[in-house]
Amino acid sequence: MSAEVAIRPFIEEDAPQVRELFIVVNRLLSPPHMRDAFEAYIARSLTEEMDRVSAYYDERGGGFWVALGEAKVVGMFGLEPTAPDAMELRRMYVDPSARRNGIARSMLRFAEAECRRLDMQRLELSTSELQPAALELYRHAGYRLLNEAVAEQASNKTLGGGIRRYYFEKFL
């Protein structure tokens, strides 16, 4: 597979594949000693966000997209406003079987173009120490590290549990 994917807005028919991709990726990220915490995070995120993608992003004035390769969801991401001039990149995941083919770069470029189309000045994002490939991608794409924090509290945006998170932004 190559980076030749079609990126389009999420439709309800994508929901089962998006749900499965979210679960698979988060289970792969889980260190063995944090399995229970990851399962709780997955359950909370499914309830609050992933099992209601359209409503969640509509309520916040954002959007959600999927990357299709050979008629299958191979990637996904959301954009959610954080300020009048900024969006946050959320839930950018690539199917493990499709990684290292430029799909994440394609989705990131698409997200940046969408922000520009909406006259946003900045794209913000965060990732964790458990995702070294994402850290490398964002640094190489010109994102500036704003800060690091150890997430103690769990939410639908972070697992908590003492995992180090990195917060980036890029001026568009």
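The model on the screen is a predicted one, and I will keep to what can be computed from its atoms.

The largest nonpolar core has 27 residues, and the members that touch the most other members are Phe 77, Leu 79, Leu 89, Leu 123 and Tyr 138. Several elements give two or more residues to this core, namely the strands E2 (63-69), E3 (72-83), E4 (86-94), E5 (122-128) and E7 (163-171), together with the helices H4 (103-117) and H5 (132-140). Which of them gives the most? That is H4, which contributes five residues. Apart from this core lies another one, made of 23 residues, and among them are Phe 10, Phe 22, Val 25 and Leu 46.

Since H4 has come up, let us stay with it for a moment. Helix H4 is 15 residues in length, and the distance from its first C-alpha to its last is 21 Å, which is close to the 21 Å expected at 1.5 Å a residue. Between the C-alpha atoms of Arg 116 and Ala 86 the distance is 10.0 Å, and the two residues are 30 apart in sequence.

Just after H4 comes Asp 119, with a positive phi of about 60°. Asp 119 is found in the loop between H4 and E5, and it is exposed, with a relative accessible area of 59%. Glu 70 also has a positive phi, of about 55°, although it is not a glycine. Glu 70 lies in the loop between E2 and E3, and with a relative accessible area of 73% this residue is exposed.

Now for the largest pocket, whose volume is about 1100 Å³. Its lining is made up of 45 residues, and those nearest its centre are Met 92, Thr 127, Gln 131, Ala 134 and Tyr 138. Tyr 138 is a residue we have already met in the largest nonpolar core. At least two lining residues come from each of helix H1 (15-29), helix H2 (35-48), E4, H4, E5, H5 and E7. How many residues of each class does the lining hold? There are 23 nonpolar, ten polar and twelve charged residues.

I will finish with Arg 144, which lies in strand E6, residues 144-151. Arg 144 is partly exposed, with a relative accessible area of 46%. Along the chain Arg 144 and Glu 169 are 25 residues apart, yet their C-alpha atoms are separated by 5.4 Å.

Key
Residues numbered from 1 in each chain as written. Predicted model: local features only at pLDDT ≥ 70, side-chain atom pairs only at ≥ 80, totals over all residues. Heavy atoms only, no water. Core = buried A, V, L, I, M, F, W, Y, C linked by side-chain atoms within 4.5 Å. Buried < 20%, exposed > 50% of the residue type's maximum accessible area, 1.4 Å probe, protein only. Helix = DSSP H or I, 4+ residues; strand = E, 2+ residues; numbered from the N terminus. 1 Å grid on protein atoms, 1.4 Å probe; cavity = no way out; pocket = protein on both sides within 12 Å on 5 of 7 lines; lining within 4 Å. Points joined across faces, edges and corners; volume = space filled by probe spheres on them. Nonpolar A, V, L, I, M, F, W, Y, C, P; charged D, E, K, R; others polar. Expected span 1.5 Å × (residues − 1).
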